[in-house]
Amino acid sequence: DAIRDAGLGLNPSFDGQAVRVPVPKPTKESKQEGIKLAGKLAEAAKVRVRKVRQTALDKIKKAQKASELTEDDARRESKTVEEAVEKVNAGIASALQDKKKQLEA
């Protein structure tokens with residue numbers, strides 16, 4: 001019942017030993033919806049990455065103000081954070097492009 005009630009247009013059947021769920025081929029509209037959803041999820045991931053980045057940079061600044069880090073160390077750590085953020089954002093963009101290609105095929 002949960003599969004049927006999920007609003008996905010699926011109608012499962014039980015043959016005594018297995019549950020069969022015939023999945024229709026995606027329509028152009030459902031593919032476009034999938035692409036939009038993937039874009040929204042990618043943007044949400046980027047927002048989370050920005051929040052983590054800001055938290056890390058704030059901690060670096062606090063450590064520098066408390067004289068726990070030198071200016072050079074703080075700069076080096078900030079650069080490390082920025083490089084990590086760029087790498088993660090590139091991965092998000094790549095995953096989004098892959099998903100778009102997959103859905104457009």
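**Notebook: core, pocket and overall form**

I looked up the largest nonpolar core and found eleven residues: Ala-38, Ala-42, Ala-45, Val-49, Leu-57, Ile-60, Ala-74, Val-81, Val-85, Ile-92 and Leu-96. The largest share, six residues, is from α2. I note for my own use that nonpolar side chains in soluble globular proteins tend to be buried together. I also note that the model I am reading is predicted.

**Entry on Leu-96**

Which residues does Leu-96 touch, leaving out those up to four places away in sequence? I found Ala-38, Gly-39 and Ala-42.

**Entry on Ala-90**

I went to Ala-90 next and found that this residue lies in helix α3. Is Ala-90 buried, exposed or partly exposed? I read a relative accessible area of 46% for Ala-90, so I put this residue down as partly exposed. The cut-offs I used for that step are under 20% for buried and over 50% for exposed. I also looked up the separation of Ala-90 from Ala-38: the two are 52 residues apart along the chain, and their C-alpha atoms are 15 Å apart.

**Entry on the largest pocket**

I looked up the largest pocket, and its volume is about 210 Å³. Which residues line the largest pocket? I listed Gly-7, Leu-8, Leu-10, Val-23, Pro-24, Lys-25, Pro-26, Thr-27 and Ser-30. By type, I sorted this lining into five nonpolar residues, three polar ones and one charged one.

**Entry on the whole chain**

I counted the secondary structure of the protein as three helices and two strands. Read along the sequence, I get the pattern α-β-β-α-α. Why do I call the protein more spread out than a compact globule? I do so because its radius of gyration is 23 Å, well over the 13 Å that the globule rule gives for 105 residues. I also looked up the span of the C-alpha trace along its principal axes and wrote down about 70 × 30 × 20 Å.

For burial, I noted that buried residues make up 14% of the 105 residues. Last, I took the contacts between residues at least 6 apart in sequence, and 48% of these join residues at least 24 apart.

Terms used
Residues numbered from 1 in each chain as written. Predicted model: local features only at pLDDT ≥ 70, side-chain atom pairs only at ≥ 80, totals over all residues. Heavy atoms only, no water. Core = buried A, V, L, I, M, F, W, Y, C linked by side-chain atoms within 4.5 Å. Buried < 20%, exposed > 50% of the residue type's maximum accessible area, 1.4 Å probe, protein only. Helix = DSSP H or I, 4+ residues; strand = E, 2+ residues; numbered from the N terminus. Contact = heavy atoms within 4.5 Å. 1 Å grid on protein atoms, 1.4 Å probe; cavity = no way out; pocket = protein on both sides within 12 Å on 5 of 7 lines; lining within 4 Å. Points joined across faces, edges and corners; volume = space filled by probe spheres on them. Nonpolar A, V, L, I, M, F, W, Y, C, P; charged D, E, K, R; others polar. Rg over C-alpha atoms; globule rule 2.2 N^0.38 Å.
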